Amino acid sequence: MKRILLTSAALLAGTAASAQTVGFSQIGSESGWRAAETTLTRQEAEARGIDLRFSDAQQRQENQIAAIRSFVAQGVDAILLAPVVATGWDSVLEEAAEADIPVVLLDRRVDSSEDLYLTAVGSDLVHEGEVAGQWLVDNKPEGECRVVELQGTTGSSPAIDRATGFRNAIDGAEGIEIVRSQTGDFTRSGGKEVMESFLQAESGNDICALYAHNDDMALGAIQAINEAGMNPGEDILIVSIDAVPDIFQAMANGDANATVELTPNMAGPAFDALEAYWADGTEPEKFIQTESRLYTQDDDPMAEYEARKDLGY
Ligand code: AHR
């Protein structure tokens, strides 16, 4: 396993602020949250005089691996990687480490050795699921509560960890049971389609709540519930993750109940860490954690919508 070493050449590159070049391998644009992360990363780079080279992987790990190899060949000063899935990164991260190019993970984790990246910026994804689950424990109606779950992209760290966290919270709570669980791939259309199939399969059986691993899938599901002639937010409680503007609008309409915020500004802390590293080799913590706050219908959702609507979601 190679450790990233800061060479004198890399340190020298750090002295000329405007000369820094950073490759960004982004997953794609599956959700409003992802779009905002891309926008904010571009804005942060511009504000700091960083030359950002952007690559959209369109949800494919092989495209991300090819982009990282291309960034290494270009001799960039750092690489930002939002990894679509958690496994399969060892070889390409070793190639970046061999070339002394620091890699910063954004919002999702990998199962590779920590030696292969400089730091990871993101939330505690298990905790997000726990916050969502605890909201349901505290707010479910009396008696049995049959829950359906829309999972994120299979094999991605948020899908794995948000599923775990939710189960941690509801385990031991009386009467809550997950009756169906399927991936909606973090997309609005996936959420709608899978919710339609849940409603069909469960016809006649009460579904008490939907837990969606992101707001976009919840928004698609809300459409499906409305089209089935039911009231989302009342007949079926809706709890999800991200805090995108549209979920606040849905909350204001009474269609959604709660969301756990994931800040899309991962690039700010990432560039702070890189600038310190470039300047004098300062090694950041291996994990730079962002906040996870719960919002409900009591938190003035229209004001939250207004505050976020122009942020690139
Ligand atoms: O990795 C973060 C997740 O990816 C966001 O919650 C989701 O919206 C996105 O697609």
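Axes are lines fitted to C-alpha atoms, for helices over the stretch in contact, and the angles between N-to-C directions run from 0 to 180 degrees. The model shown is predicted, so local features need pLDDT of at least 70 and side-chain atom pairs count only at pLDDT 80 or more, while totals for chains, interfaces and linings use all residues. Residues are numbered from 1 along each chain as its sequence is written, and side-chain values use heavy atoms, with hydrogens and water left out.

**View A. Helices H9 and H11 in contact.** The axes of H9 (residues 245-252) and H11 (residues 301-308) come within 8 Å and cross at roughly 160°. The two helices are therefore roughly antiparallel to each other (an angle over 145 degrees). Contact (heavy atoms within 4.5 Å) involves residues including Phe 248 and Met 251 of H9 and Met 302 and Tyr 305 of H11.

**View B. Phe 24 is buried, with a relative accessible area of 0% (buried means under 20%, with a 1.4 Å probe and protein chains only). The largest nonpolar core.** A nonpolar core is a set of buried Ala, Val, Leu, Ile, Met, Phe, Trp, Tyr and Cys residues joined through side-chain atoms within 4.5 Å. Of the 52 residues in the largest one, Leu 80, Leu 106, Met 195, Leu 210 and Phe 271 touch the most other members. Helix H8 (residues 215-227) gives this core its largest share, seven residues.

Terms used: Helix = DSSP H or I, 4+ residues; strand = E, 2+ residues; numbered from the N terminus. Parallel < 35°, antiparallel > 145°, perpendicular 65-115°, else oblique. Buried < 20%, exposed > 50% of the residue type's maximum accessible area, 1.4 Å probe, protein only.
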